[in-house]
Amino acid sequence: MQKSACIIGMGRYLPERILTNADLEKMVDTSDEWIYTRTGMKARRIAAEDEFPSTMGAKAAINALEEAQIGADEVDLIICATLTPDYIFPSTACLIQEQIGAKNASAFDFQAACTGFVYALSIAKAFVESGVHKNVLLVATEKLSSIIDYTDRTTCVLFGDGAAAAVISSEKSPGVNLKINRVFQGADGALADRLILPGGGSRVPPSIESVERGDHFLKMEGKEVFKHAVRKMKDVSVQAVEENGFELADISYLVSHQANVRIINAVAERCQIPKEKVKMTIEKYGNTSASSIGLCLCDMQEKSELKDGDHLLLCAFGAGLTWGATVLSVEGEDNG
């Protein structure tokens with residue numbers, strides 16, 4: 001009988017430095033009220049100069065392995081979801097493999113921007129349930145501060161740094177297990193220029209001119225992204241709930257990508273999910289792209305909010321454009 005893929009351990013890492021709205025008021029023409037009412041953000045974490053996606057990801061991974069009660073040498077595969085890799089190559093996943101001592105694991109990066117965690121769950125689930133791998137380590141890690149223009153008030157208020165990790169396995173742990181139901185995802189490359197980092201790749205390699213143009217900073221058409229995000233996240237969320245055999249009333253919590261409080265609330269409203277079921281970490285962490293859903297799950301686990309029989313609706317939207325959703329079913333005792 002085929003075994004279901006489950007998250008058997010989670011971990012996170014957040015940099016020590018906190019960038020508050022009051023700090024941003026000193027940097028650009030903005031205010032705490034303006035930022036908070038439009039985004040729901042009060043603060044975000046900023047990595048130190050000697051902190052990178054690999055080092056943050058490795059710390060999150062070690063925490064996840066400890067919770068899963070498995071050794072690094074038992075990991076078969078490391079998948080790293082990031083849009084801010086240490087290098088174009090080698091992969092950040094390979095750097096993490098070396099740092100945690102996962103000598104038996106293969107490793108690769110992939111990039112679906114803010115949808116990275118959900119996309120990665122589908123990849124890990126496929127490897128585990130096909131029997132190709134037993135233990136897959138998913139690491140979502142971002143140093144977004146490295147690609148943000150801190151003179152652009154429309155983007156610099158939004159993003160923060162951090163890492164989350166999850167161990168996905170065919171063998172359940174003694175503690176909380178999160179069964180990964182079918183994952184649904186999509187993409188629309190026709191809208192790729194709505195959220196983009198123009199420079200740094202082979203199309204616009206680094207040059208004096210590209211630096212002067214600001215091509216190595218994130219660019220976003222906020223209104224367009226907002227519109228597509230709400231519609232696609234709502235549609236794929238309903239699909240994930242219904243085609244996994246649930247009803248929206250069965251959903252215990254909505255754990256959305258933490259992009260913007262207005263987007264999250266709009267998706268919840270359209271899915272008829274009450275506010276008390278909507279989980280958010282956006283106020284203290286901001287938008288951490290691929291790692292945001294994992295960080296939110298870790299927060300829930302730390303507060304002992306994951307109860308046996310709960311169903312968590314995960315949904316995300318990001319550059320590409322990409323989107324995805326799934327339902328995690330909680331099996332086992334809570335962490336209290």
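Let me begin with a term: on a 1 Å grid over the protein atoms alone, a pocket is an open set of points where a 1.4 Å probe fits, with protein on both sides within 12 Å along at least five of seven lines, and its lining residues have an atom within 4 Å of a point. What you see is a predicted model, in which local features need pLDDT of at least 70 and side-chain atom pairs count only at pLDDT 80 or more, while totals for chains, interfaces and linings use all residues. Residues are numbered from 1 along each chain as its sequence is written, and side-chain values use heavy atoms, with hydrogens and water left out.

The largest pocket is lined by 35 residues, and L83, P85, Q111, L197 and G199 lie nearest its centre. Two or more of the lining residues come from each of β5 (106–110) and β10 (195–196), strands being DSSP runs of E, at least two residues long, and helices runs of H or I of at least four, numbered from the N terminus.

Now to the second largest pocket, which holds about 480 Å³ of space, a volume being the space filled by probe spheres set on grid points joined across faces, edges and corners. Of its 25 lining residues, T154, L158, M220, G222 and N260 are closest to the centre, and α7 gives the most to the lining, with 6 residues.

Which residue caps the N-terminal end of α8? That is N260, with a side-chain oxygen 2.7 Å from the backbone nitrogen of R262. Just after α8, Q272 takes a positive phi of about 60 degrees.

Definitions and conventions:
A polar contact is a pair of N or O atoms within 3.5 Å; within protein, one must be able to donate a hydrogen and the other to accept it, and residues adjacent in sequence count only if both atoms are side-chain atoms.
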